[in-house]
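Student: I'm new to this structure and would like to look closely at just one part of it. Could you walk me through it slowly?

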Amino acid sequence: MNLKPLGDRVVIQHLEAEEKTKSGIILTGAAKEKPQEAVVVAVGPGGMVDGQKVEMQVKVGDKVIYSKYAGTEVTLEKEEYVIVKQSDILAIVE
């Protein structure tokens, strides 16, 4: 991958949506909701945001949950990625 995020930005890749519900109902492509879970693919260096130093709290390989409508979707080499600000990441899944 050739994406190198700047500042406090993070490149994430969606995890696959569930194919069926907990009760066993198989979902079609249109019925699946976009997952809010993703894996971190690249992390920017941090820097200054609004006059304050930002240290990056996520690292490559972290599984995260992010805001539903956050980020910019990008397709590179037939792979889909989302570029978000670190502040749009809500939690790290351990």
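Which residues is D8 in contact with, leaving aside its neighbours within four places in sequence?

Tutor: Let's start with what you're looking at. This is a predicted model, where local features need pLDDT of at least 70 and side-chain atom pairs count only at pLDDT 80 or more, while totals for chains, interfaces and linings use all residues. Residues are numbered from 1 along each chain as its sequence is written, and side-chain values use heavy atoms, with hydrogens and water left out.

Now to your residue. Setting aside neighbours within four places in sequence, D8 touches G46, V49, V54, M56, V84, K85 and Q86; a contact here means heavy atoms within 4.5 Å. D8 lies in the segment before β1, and its relative accessible area of 9% makes it buried. The cut-offs are under 20% for buried, over 50% for exposed, and partly exposed in between (1.4 Å probe, protein chains only).

The rule for a salt bridge is a side-chain nitrogen of Lys or Arg within 4 Å of a carboxyl oxygen of Asp or Glu. While D8 is buried, R9 is partly exposed at 34% relative accessible area. By this rule the count comes to three salt bridges. One of them joins D62 and K59, with the closest N and O atoms 3.1 Å apart; there D62 is buried at 9% and K59 is exposed at 55%. Another ties E37 to K63 at 3.4 Å, linking strand β2 with strand β5 across 26 residues of sequence. Here E37 is partly exposed at 30%, and K63 is partly exposed at 35%.

Next, follow R9 into the strands. Strands are DSSP runs of E, at least two residues long, and helices are runs of H or I, at least four, numbered from the N terminus. The chain has eight strands and zero helices. The bridge partner of R9 is K85, in β7, and K85 is also among the contacts of D8. Four bridges join β1 to β7, and these strands run antiparallel; two strands count as paired if DSSP finds at least two bridges between them. β1 is also antiparallel to β2, with five bridges, including the one that pairs I12 with V40 in β2.

Then there's V84, another contact of D8. V84 belongs to the largest nonpolar core, which has 11 residues, among them V10, I12, V40 and V82. Such a core is a set of buried Ala, Val, Leu, Ile, Met, Phe, Trp, Tyr and Cys residues joined through side-chain atoms within 4.5 Å. β1 (9-14), β2 (37-43), β5 (63-66) and β7 (79-85) each supply at least two of its residues. In soluble globular proteins, nonpolar side chains tend to be buried together.

Finally, zoom out. Of the chain's 94 residues, 23% count as buried. Among contacts between residues at least 6 apart in sequence, 64% join residues at least 24 apart.
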